[in-house]
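Dear colleague,

Please find below the structure for your review. A summary of what was found in the model follows directly after it.

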Amino acid sequence: MPMRFGLVGLGQHGRNAVAPAFYHPEAGDTKLTAVCDVNSAALAAFERPVAARFPDHRTMLAEAEIDALYVAAGMDRHFRIVTDAIAAGKHVVVEKPMAATLDECRHMTEAAKAAGLVLAVNFESRYSEENEVLRRWIDAGHFGRIEALHFANLWDGHKSFGPIRERRARLMELAGALDCGIHKLDQARFLVGGTWSKVDAVGAWMGEDFTPPTHIGIIGMLDVGVMVTLNASLSWAAHIEPRPMVNTLEIGGTEGVALCRSSLDFRTMAMDLYSRTLCEHVDLDSHGHTSHIVLLLRDFVAAVNGQPDAAQRLPTGEDGYWAQLATEKANQAARASRPG
Ligand SMILES: NC(=O)c1ccc[n+]([C@@H]2O[C@H](COP(=O)([O-])OP(=O)(O)OC[C@H]3O[C@@H](n4cnc5c(N)ncnc54)[C@H](O)[C@@H]3O)[C@@H](O)[C@H]2O)c1
């Protein structure tokens with residue numbers, strides 16, 4: 001019998017990226033049986049076949065025939081919805097950022113553990129083709145000991161004008177550039193392991209007035225001896241029509257180095273490894289959110305069914321916690337750097 005899911009949050013991401021994953025030909029053993037949104041227009045506009053629709057998550061948890069919940073409602077809503085789901089005995093996938101505070105992340109993780117339920121956080125980029133190549137290079141030892149990771153993730157987070165500017169403003173006010181940059185903070189730990197021992201940052205606001213910086217430069221250290229830098233932006237080219245994106249990763253190791261860079265239109269990625277043991281060039285086509293969520297859902301089902309292989313990639317509540325810790329520290333430090 002497939003794992004029956006309820007989906008909470010039918011906004012941009014829930015509707016366009018998450019929901020299609022359940023109807024994808026490779027979706028595996030899952031079925032979307034119920035959807036929920038507090039916005040009645042969003043609920044009514046959901047066009048896919050689904051057994052039940054609910055205007056609030058508590059009614060859904062009480063009445064819908066579901067085994068698990070997928071939560072995509074915004075980080076300031078996640079804590080209440082996820083802890084209610086855990087109290088109702090449901091396994092949970094929650095969107096990144098996992099919650100609004102570190103305490104909330106800790107509480108959610110502990111509650112799932114105490115209840116014997118699986119809690120996953122959608123750091124879907126773990127399932128990207130780029131990470132598959134990087135893991136192959138790392139596992140084969142081509143870098144020797146990795147000591148430095150340098151990420152850049154600069155894009156417009158949708159435009160500061162036009163139809164979804166309000167949604168953009170909502171996400172920006174919560175986490176700023178790290179609403180999206182948080183994927184890179186997780187990717188660093190996914191590639192080399194460890195936890196954050198130091199995180200510092202400065203910020204820029206690019207003419208906007210959100211609480212967190214919309215453009216941030218982070219310098220951090222993982223306790224496995226790896227320095228990490230991240231330049232992240234949701235305001236890069238946000239005020240002009242063209243839509244260039246910068247997405248790069250440089251890896252420095254004792255035996256090898258690599259450079260991965262997306263094309264400015266984000267359609268392709270070029271990856272180069274120069275090492276004592278191998279020099280290789282790889283070209284990839286970029287795939288969208290949905291194909292990565294499909295893979296995450298497959299691991300999630302495997303983890304619920306107690307299959308240990310799933311644990312290697314599936315991002316857990318602990319991973320959500322560490323990404324949140326780095327996000328909070330970076331945004332705090334950057335806010336302190338704001339002139340005037
Ligand atoms: N994994 C990714 O790469 C990725 C990409 C985009 C967004 N996201 C994340 O997905 C989440 C949603 O983002 P979005 O862009 O869809 O935002 P959005 O504002 O477009 O949509 C949020 C939806 O949740 C609904 N909602 C809010 N509170 C609710 C509640 N208590 N119960 C039920 N529904 C509720 C809103 O009415 C809205 O329809 C955010 O956490 C965001 O960071 C992740």
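His78, Phe79, Val82, Thr83 and Ile86 in helix 4 meet Glu104, His107, Met108, Ala111, Ala112 and Ala115 in helix 5, where contact means heavy atoms within 4.5 Å. The residues of this contact comprise seven nonpolar, three polar and one charged; Ala, Val, Leu, Ile, Met, Phe, Trp, Tyr, Cys and Pro count as nonpolar, Asp, Glu, Lys and Arg as charged, and the others, Gly among them, as polar. The axes of helix 4 (residues 75-87) and helix 5 (residues 102-115) come within 10 Å and cross at roughly 10°. Axes here are lines fitted to C-alpha atoms, for helices over the stretch in contact, and angles run from 0 to 180 degrees between N-to-C directions. Helix 4 and helix 5 are therefore roughly parallel to each other (angles under 35 degrees count as roughly parallel, over 145 as roughly antiparallel, 65 to 115 as roughly perpendicular and the rest as oblique).

Please note that this is a predicted model, in which local features need pLDDT of at least 70 and side-chain atom pairs count only at pLDDT 80 or more, while totals for chains, interfaces and linings use all residues. Residues are numbered from 1 along each chain as its sequence is written, and side-chain values use heavy atoms, with hydrogens and water left out. Helices (H or I, at least four residues) and strands (E, at least two) are DSSP runs, numbered from the N terminus.

Six strands form an open sheet in the order 3-2-1-4-5-6, with parallel pairing; two strands pair if DSSP finds at least two bridges between them. Strand 3 (52-54) and strand 6 (119-122) stand at the edges with a single partner strand each, so one side of each has no neighbour in the sheet. On average, neighbouring strands of this sheet are turned by 25° against each other, direction ignored.

Within the sheet, strand 1 and strand 2 are joined in the parallel sense by six bridges, and Val8 stands opposite Cys36 in strand 2. Strand 4 (residues 68-71) and strand 5 (residues 91-95) pair in the parallel sense over four bridges, with Tyr70 opposite Val93 in strand 5. Strand 2 is mostly covered, as six of its seven residues are buried (buried means under 20% relative accessible area, exposed over 50%, partly exposed in between, with a 1.4 Å probe and protein chains only).

Helix 9 (residues 289-304) lies across strand 1 (3-8), strand 2 (30-36), strand 4, strand 5 and strand 6, and runs at about 155° to strand 5. In helix 1 (residues 12-22), the buried residues are Gly14, Ala17, Val18, Ala19, Pro20, Ala21 and Phe22. These buried residues pack against strand 1, strand 2, strand 4, strand 5 and helix 9.

The antiparallel strands

Strand 11 (residues 246-253) and strand 12 run antiparallel and are joined by five bridges; they form a hairpin with two residues between them. Leu249 has Cys260 in strand 12 as its bridge partner. Strand 12 pairs in turn with strand 13 (residues 268-275), in the antiparallel sense over seven bridges, and Ala258 stands opposite Leu273 in strand 13.

In a regular strand the side chains alternate between the two faces of the sheet.

A buried serine

Ser233 is located in strand 10 (residues 226-233) and counts as buried at 1% relative accessibility. Its side chain reaches the backbone oxygen of Thr214 at 3.5 Å. Apart from neighbours within four places in sequence, Ser233 is in contact with Asn153, Leu154, Trp155, Ala177, Thr214 and His215.

Backbone features

Most residues other than glycine have a negative phi, and most peptide bonds are trans. The following positions may therefore be of interest when you inspect the model.

- The peptide bond from Lys96 to Pro97 is cis, with omega near -25°; Pro97 is found in the loop between strand 5 and helix 5.
- Met206, which is not a glycine, has a positive phi of about 50°. Met206 lies in the loop between strand 8 (196-204) and strand 9 (215-222) and is partly exposed, with a relative accessible area of 33%.
- Ala237 has a positive phi near 65°. This residue lies in the loop between strand 10 and strand 11 and counts as buried at 17% relative accessibility.

With kind regards

Technical notes:
A polar contact is a pair of N or O atoms within 3.5 Å; within protein, one must be able to donate a hydrogen and the other to accept it, and residues adjacent in sequence count only if both atoms are side-chain atoms.
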